[in-house]
Amino acid sequence: MSTITDTILQVRDLKTVFPTRTGLFRAVDGVSFDLKRGQTLCVVGESGSGKSVTARSILQIVDRPGRIESGSILLSRPDGSTTDLARLDPRGREIRSVRGKEIAMIFQEPMSSLSPVHRIGTQIGEALRIHFGTPRHEQRERVLELLRQVEIPRPESAIDRYTFEFSGGMRQRVMIAMALACNPSVLIADEPTTALDVTTQAEILDLVKKLQKSHGMAVLFITHDMGVVAEIADEVLVMYRGKVMERGPVEQIFHAPQDAYTRRLIGSVVKLEKKADIRLTRAPIPAGTPPLLEVRNLSLTFPSGVKAVDDVSLSVRPGETLGIVGESGSGKTTMGRCLLRIYDPQEGAIDYRRPDGRTVDIRTADKADLEKVRREVRMIFQDPVGSLSPRKTVGQIIAEPLRIAGVKGRALDERVADLMRQVGLEPAWRERYPHAFSGGQRQRIGIARAIALKPRLIVADEATSALDVSLRSQMLDLMMKLQDELGLSYVFISHDMSVIRYMCDRVAVMYRGRIVELGETDQVVNDPQHGYTRALLSAIPHPDPSHRRMHNRFRYEPGRTLSANG
Amino acid sequence: MLRYIAKRMVFAIPTLFAVSIVAFIIIQLPPGDYLTTLMADWASQGGAVEAGTVAAMRERYGLDQPIYVQYFKWIAGILTRGDFGISFELGKPVTELIWNRLGFSLLLSLLTLCFVWAIAIPIGILSAVRQYSISDYAATFLAFFFLAVPDFLMALSAMYVMSAWFGQSVGGLFSPDYVDAPWSLGKLADFAQHVWLPVVVIGLGSLAALVRIMRANLLDELSKPYVTTARAKGMSELELLLRYPVRLALNPLISTLGWILPAVISGEIIVSVVMSLPTTGPLLLRALLAQDMYLAGSLILLISVLTIIGTLISDILLAITDPRIRLQ
């Protein structure tokens, strides 16, 4: 009987389907696993693998028209009773008494997953009212206690605030407090740190671990990040297209993966742990080359008074990739946009060297000069969905900059076909609309559009952040191939140290609008000089479960550096 | 919060000023003035008018002065003495004529708004929650049907049905016995018996827009992640619906107050004429036909002021219900 008491949740052959016009879509197709008390099971997989639907099936909160087709989800209670959640009516009283009380869930987007018009105290206390009928003043006491547990500063005033008054990390703490309200025995976390910065992610992971220990919860953790898996998992479930590819202890998954897909997934993560091969073999750029772009003492203050870019100086040499790394709010995106004068910086200079050797200060350039410069300096955006017009065909999207530049007729068609081939898309797909393409293909469309006018410098803003890890290295490889073919320079903006290390020659670390460290990538990564760089690097989850290092990370506070765990 | 309200009020002032100018210009737009209309009337009755008389009258009414002088005299009178000028046709000060009617107009509009909201919100919720069901289609069809039927036709049909089939006294807001009686419980009951018909007739025309807005807002909100969060807390579906998505879907609806109010007021004008209600509608129509400029101008101005105040109220309500606006 010991297995019954240890195993809280026993999922057997779970099948969740979504009826579509073309038949049944099997989002979860025969998934089985056990969740044990005090353990963390990580469900890992790329987008569309069905990991999130699996989690939602347990609470029967799959979005309509999805439904559980067959299988069982056996919940065992400490008193020995069991319930098959899969058999309960999704709108019924029984499943509702499980939700939030015995099994609680936290979600990816803490901003949109919390109501913007209700105070956080109300939202946290609600579960208490629903499940225990706790009176209002007792609710408040308990909520304050929860807020203290999740380490939200000044709980007495925080309790009456709204979600938008908190930072992303604090919002996720609110979510966790909400989930803990009724002392659940299972916590399901659906990509809870994906929308957060690495340092914030490390804090949240720490917190979950700590609370898991103190509450004795079982945690079902859904993530696409193998680094996170390595840091926190006891057991791992690898999913691909609704099916379980492999299941086992974390050490086995990382060090002796049995399944081909698991091996590929780990391979693409490990690949990003070091510099790209094609960059290792390349001859260094001669030191004496005059820079293509030289930014001097650039500053931008928004009308709100926020100094987004503060005295930034950097240079980009021809054929070089300069990485800009920093967390959200560090001003890296704003800085990138200043380079194309999407924003108007108030001070400094952005000297850009035209092909004829003449330099233009982009900050003060007139309209005619700016137009010429903008043909040579292009941008790739983060969101491959939002940055492509849904009402234009892919051919039209790629042709647009060419058409503006005056290319017409057959020449235009041929150039578009060339560009599509160059980025690895079939020219025959030119008549399709963006929605017919996957995320990775859409990003390729964005790249084709950016290189259409044979630019010399591309500012890539988080160009790979929205992509799955296996696509990420492919995209970076493509960008480096194009760099060598076309002699491009990149300013590569990212929050992800691994992609910076993989592809960038030099890197600038931004913190609160300033560049705190700038140097050769290898040197910055291996021997960081600034406290913030060290904190940033130490917060990155390391995809090797035998070398968990996040616990020994550094926290950076201006003026001093201290270890996170004393 | 107080700063927000103060700011909104300050913004309302230039709007009001612009409205007064536009109102005055609109009155002046048709060719001729009150006297031309009057002369035409006299001529049609066979009376001959000497040219000197017309000129003298024009001078007496101040109509010989340039339009901006007339405007400034009018607006200065309103601002300094609360004097809206004189109705040429009725020979009485405008203020004496309109306050009572304006009160009824306002009351009728408010009742109509309450009625429309009370009907539109539940129907909108039902349509959204049961999207593409029979009830959704039926509600949508009916709402659009009432939108398509002109107000006056609806008023006539409603009056016919009520008086011919149910024998109810229709037209006006009171039975003849109570029109001039002082307010009493009996008069209030009589008012209630009469007022619901115009309220329904005016309200049904605006129903469609609100139902569709509520439905669309709610459909957006229903798929938001916070709904899933609340569901994962174990909340019952009905409580969940009312507490979260409906609560958020109401916010954009509040901001429709600004434009639903003018729609109700203009609908009220037509319906009031048909049902001979003692509101500003029939008076305005008569003043416009007679080119009784101060009366018409004052009415248009006051109706616009009510609309602006309505918008102001909706802004303030929105700030109260949505912390995001309040804390900006």
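Helix 6 and helix 8 of chain B are oblique to each other. That is in a predicted model, like everything I show today. Helix 6 covers residues 134–148 of chain B, and helix 8 covers residues 185–222. Their axes are 6 Å apart, and the packing angle is about 140 degrees.

Who makes the contacts? From helix 6 of chain B we have D136(B), T140(B), A143(B), F144(B), F146(B) and L147(B). They meet L204(B), G205(B), A208(B), R212(B) and R215(B) in helix 8 of chain B.

Step back to chain B as a whole. Chain B has 15 helices and 0 strands. Its C-alpha atoms fill a box of roughly 85 × 55 × 40 Å along the principal axes. The chain has 328 residues, and 47% of them count as buried. Now take contacts in chain B between residues at least 6 apart in sequence. Of these, 73% join residues at least 24 apart.

Over to chain A, and another helix pair. Helix 15 is residues 394–404 of chain A, and helix 17 is residues 439–451. Their axes are 7 Å apart, at an angle of about 30 degrees. Angles under 35 degrees count as roughly parallel, so this pair gets that label. The crossing is right-handed. On the helix 15 side of chain A, the contacts come from V394(A), I397(A), I398(A) and P401(A). On the helix 17 side, they come from I445(A), A448(A) and R449(A).

Next, the strands of chain A. Look at the open sheet with strand order 12-11-14-15. It has 4 strands, and the pairing is antiparallel. Which strands stand at the edges? Strand 12, residues 307–316, and strand 15, residues 359–361, of chain A. Each has a single partner strand, so one side of each is left without a neighbour in the sheet. From one strand to the next, the twist averages 20 degrees.

Zoom in on one pairing there. Strand 11, residues 293–301 of chain A, is joined to strand 12 of chain A by 6 bridges. E294(A) has S315(A), in strand 12 of chain A, as its bridge partner.

Now a parallel pair. Strand 6 of chain A runs parallel to strand 7, residues 186–190 of chain A, with 4 bridges joining them. I106(A) stands opposite A189(A) in strand 7 of chain A. Side chains in a regular strand alternate between the two faces of the sheet. Strand 6, residues 103–106 of chain A, shows I103(A) and M105(A) pointing one way. A104(A) and I106(A) point the other way. All four are buried.

V238(A) lies in strand 9, residues 235–240 of chain A. Is V238(A) buried or exposed? Buried, with a relative accessible area of 0%. Leaving out residues up to four places away in sequence, its contacts include V44(A), K243(A), I253(A), Y261(A) and L265(A). Y261(A) is 23 residues from V238(A) along the chain, yet their C-alpha atoms are separated by 8.6 Å.

Last, cysteines. How many disulfides are there over all chains? The count is 0. C182(A) is buried, at 7% relative accessibility. C114(B) is exposed, at 52%.

Key. Residues numbered from 1 in each chain as written. Chains lettered and ligands numbered in written order. Predicted model: local features only at pLDDT ≥ 70, side-chain atom pairs only at ≥ 80, totals over all residues. Heavy atoms only, no water. Buried < 20%, exposed > 50% of the residue type's maximum accessible area, 1.4 Å probe, protein only. Helix = DSSP H or I, 4+ residues; strand = E, 2+ residues; numbered from the N terminus. Pairing = 2+ DSSP bridges. Contact = heavy atoms within 4.5 Å. Disulfide = S-S within 2.5 Å. Axes fitted to C-alpha atoms, helices over the stretch in contact; angles between N-to-C directions. Parallel < 35°, antiparallel > 145°, perpendicular 65-115°, else oblique. Left-handed = near helix turned anticlockwise from the far one by under 90°.
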